[in-house]
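Please go through the structure below together with this briefing. The points are grouped by topic.

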Amino acid sequence: MNIDRGKAEAAFRDYVSHYNAEEEKVRLKIEHTFRVAGLCEQIARSLELEKEEQDLAWFTGLLHDVGRFEQLKNYGTFIDADSIDHAEYGAQILFEQGKIRDYTEDASEDTLLWNAVRYHSAYRIPDMPDERTERFCHILRDADKIDILKVNVDFPPEEIYNVSSQELRSCPVSEAVMEAFYEEHAILRSLKRTAADHLVGHISLVFELQFPESRQIVKRQGYLLKLMDFESQNPVTREQFRKIRAYMTEYMERGSR
């Protein structure tokens with residue numbers, strides 16, 4: 001598949017032009033989209049994929065969060081549990097409503113693209129049609145997780161989690177979330193009860209990274225460390241985050257050996 005990046009990017013910019021880019025959450029997702037596309041390409045390059053495959057990885061990143069904009073417009077939140085599954089809705093917009101043809105007339109990779117968009121935020125991806133499709137799904141999922149760390153540092157957590165600063169800095173991490181963290185996997189949405197739970201949930205995304213380059217990017221960027229330096233007014237939460245920092249630091253060192 002030969003991807004015309006200029007055409008694809010123009011189609012995306014036209015799509016998001018219908019939303020208010022001066023609104024912080026809209027701007028957040030536009031910027032996130034382009035960073036994720038770049039990260040997808042970087043991970044694909046680290047895997048020594050051909051240039052055409054690198055372009056395809058970039059393309060999955062450009063498409064992955066199309067559903068976020070309507071989610072925000074209709075529900076005022078990015079929390080899927082309180083609204084809709086944005087990945088499922090993005091796949092619907094692109095492939096059921098036919099918007100994918102605004103980006104490319106070539107339909108040869110539609111199945112791969114649908115799977116990448118549809119399952120980029122799933123807790124676990126289902127069985128894929130082939131190993132290549134699965135690899136591209138993991139590339140996109142890694143890139144998205146990496147940039148979520150940056151978003152959570154660069155934008156006020158209160159804006160992301162739809163909570164007050166007082167609530168965020170006074171609540172503890174739920175016991176079930178702490179237990180899940182130590183099991184070294186992403187934390188199920190159903191376990192999250194407090195705003196601090198969501199923060200730990202984002203930190204735990206690092207456990208899911210599939211590629212060595214992804215972990216190296218996290219180390220180089222430093223956003224994981226900044227997230228773990230969260231300063232709570234609650235002494236219980238401060239101790240919980242001290243333990244989280246120590247555990248994750250050891251985990252990252254273990255993974256680089």
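E96 lies in helix α5, which covers residues 86-96. The model is a predicted one, and in it E96 is exposed, with a relative accessible area of 66%. Between E96 and M128 there are 32 residues in sequence, and their C-alpha atoms are 20 Å apart in space.

**Overall build**

- The protein chain contains 15 helices and 0 strands.
- Its radius of gyration is 18 Å, close to the 18 Å given by the globule rule for 257 residues, so the chain is as compact as a globular protein of that length.
- Taken along the principal axes, the box filled by the C-alpha atoms of the protein chain is roughly 55 × 45 × 30 Å.
- Of the contacts in the protein chain between residues at least 6 apart in sequence, 66% join residues at least 24 apart.

**Surface and charge**

- Of the 257 residues in the protein chain, 54% are buried.
- The protein chain has an accessible surface of about 11800 Å², and carbon and sulfur atoms account for 45% of that surface.
- There are 34 positive and 48 negative side chains in the protein chain.
- The centres of the positive and negative sets lie 4 Å apart.

**Nonpolar core**

- The largest nonpolar core is made up of 81 residues.
- Within this core, the residues with the most contacts are F59, Y103, I203, L224 and M248.
- Helix α2, residues 24-46, supplies the largest share of this core, with 9 residues.
- Leaving out residues up to four places away in sequence, F59 touches M1, I3, A8, I100, Y103, T104 and L113.

**Helix α12**

- The buried residues in α12 are A195, A196, D197, L199, V200, G201, H202 and I203.

- H32 is found in helix α2.
- With a relative accessible area of 1%, H32 falls under the 20% limit and is therefore buried.
- Apart from neighbours within four places in sequence, H32 is in contact with H64, D65, D144, D147, I148 and V151.
- Q71 sits in helix α4, residues 66-75.
- The relative accessibility of Q71 is 0%, and Q71 counts as buried.
- With neighbours within four places in sequence set aside, the contacts of Q71 are G76, T77, F78, I79, D80, S83, I84 and H86.

**P172 in a loop**

- P172 belongs to the loop between α10 and α11.
- The relative accessibility of P172 is 35%, and P172 counts as partly exposed.
- P172 and T194 are 22 residues apart in sequence, while their C-alpha atoms are 7.2 Å apart in space.
- Not counting residues up to four places away in sequence, P172 touches T194, A196, D197, N234, T237 and Q240.
- Among these partners, A196 and D197 are buried residues of α12.

- E48 is not a glycine, yet its phi is positive, at about 60°.
- E48 is placed in the loop between α2 and α3, the latter covering residues 51-63.
- At 71% relative accessibility, E48 is exposed.
- E184 is another residue other than glycine with a positive phi, near 60°.
- The loop between α11 and α12 holds E184.
- E184 has a relative accessible area of 26% and is partly exposed.

Terms used: Residues are numbered from 1 along each chain as its sequence is written. This is a predicted model: local features need pLDDT of at least 70, side-chain atom pairs count only at pLDDT 80 or more; totals for chains, interfaces and linings use all residues. Side-chain values use heavy atoms; hydrogens and water are left out. Helices (H or I, at least four residues) and strands (E, at least two) are DSSP runs, numbered from the N terminus. The radius of gyration is taken over C-alpha atoms; the globule rule is 2.2 Å times the number of residues to the power 0.38. Buried means under 20% relative accessible area, exposed over 50%, partly exposed in between (1.4 Å probe, protein chains only). Contact means heavy atoms within 4.5 Å. Accessible areas come from the Shrake-Rupley method with a 1.4 Å probe; for residues, only the protein chains shown count as cover. Lys and Arg count as positive and Asp and Glu as negative; His and the chain ends are not counted. The place of a charge is taken as NZ of Lys, CZ of Arg, CG of Asp or CD of Glu. A nonpolar core is a set of buried Ala, Val, Leu, Ile, Met, Phe, Trp, Tyr and Cys residues joined through side-chain atoms within 4.5 Å.
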